Amino acid sequence: MKRVLLIVGVVFLLASCQDNQENTFPVESTNQNGTRLVRLVSHNDDYPNAIYTMRYYYWGNRLYKFTGKDNNSANDLTLIYTYSGSRIGKIESFNYNNSKMRETLFTYNDAGDLIHETKDELAKTEFSYTMGSSNILTRQAYFVDEANETHYGNKERFGFANNEVVNKWREVDNIDRDSVHETITYDAHHSPMKDVLGYDKVIYFHPWRDFFYFGNQQNVLTSSSVFYYNGNQSTQNLVYAYTYNSYGFPMSCRLQYVSDDTGEIVDLPYRMEYYYE
């Protein structure tokens, strides 16, 4: 393997607000045989103390808050989700001292499809979403300057099958070619996010998709990427090895890679544990 994306601080961006009943099950759950995810624990076996714990808070079938913590409080993260009807309309990100780092707004058409995203961080960036032929969705970054001129940035394209992303192309620095092409396969089991309202509409933009991530209805089984840079090409082939509970939801996941030299599947030190209500 010539290149492996290893991201330890995994952030799963999810959903939101208002309903009539907050989950009362302890988010410190040690129950792995359930159906609604309340705690996710990331381990790096090379560094046993490098444990990142993610907790999920619900109103009914809406996820309104996510928290991520490890032994370093500077890495603390809180995400607050606000719904617009049955869709996620806003995500606010807060750091360890509760200062807002980012606000992301989502706009949908009358059919409920995501068509626009506004990300306000150090500067405001816009993203347009356009569904083209062959079930390909394009996400185009741009910003408008003080002279009202539009400048285009990176472009991503997503190919779908059975409501899951099966191909992803990333065009870097507005170069008119595919800088990265990722092909994704899925298992035949349940994604922990399958029943979370509105999640399927915002899966495209999540930055944590480079490492452990959820499918809409199923779980990512393999991720094969080809990288193109300055005329060179490299590959990355990741495998996600799960165990499942009696309901068909993941209990654990080990990240592996396929050796370019031998074709052998090799364990990486990164793994996840899933805990449910």
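**Salt bridges in the predicted model**

Lysine 168 and glutamate 156 form a salt bridge, with the closest N and O atoms 3.7 Å apart. The pair links distant parts of the chain, twelve residues apart: lysine 168 lies in strand S11 and glutamate 156 in strand S10 (residues 150-161). Strands are DSSP runs (E, at least two residues), numbered from the N terminus. A salt bridge is a side-chain nitrogen of Lys or Arg within 4 Å of a carboxyl oxygen of Asp or Glu. Lysine 168 is buried, at 5% relative accessibility. Glutamate 156 is also buried, at 12%. Buried means under 20% relative accessible area, exposed over 50%, and partly exposed in between (1.4 Å probe, protein chains only).

This is a predicted model; local features need pLDDT of at least 70, side-chain atom pairs count only at pLDDT 80 or more, and totals for chains, interfaces and linings use all residues. Residues are numbered from 1 along each chain as its sequence is written, and side-chain values use heavy atoms, leaving out hydrogens and water.

The structure holds 15 salt bridges. Glutamate 117 pairs with arginine 139 in a salt bridge, at 3.1 Å between the closest N and O atoms. Glutamate 117 sits in strand S7 (residues 114-120) and arginine 139 in strand S9 (residues 136-144), so the pair ties together parts 22 residues apart in sequence. Glutamate 117 is buried, at 0% relative accessibility. Arginine 139 is buried at 7%. A network of salt bridges links Glu117, Lys119, Arg139, Glu156, Lys168 and Arg170.

The chain averages a pLDDT of 85, on the predictor's per-residue confidence scale from 0 to 100.

Terms used. Helices (H or I, at least four residues) and strands (E, at least two) are DSSP runs, numbered from the N terminus.
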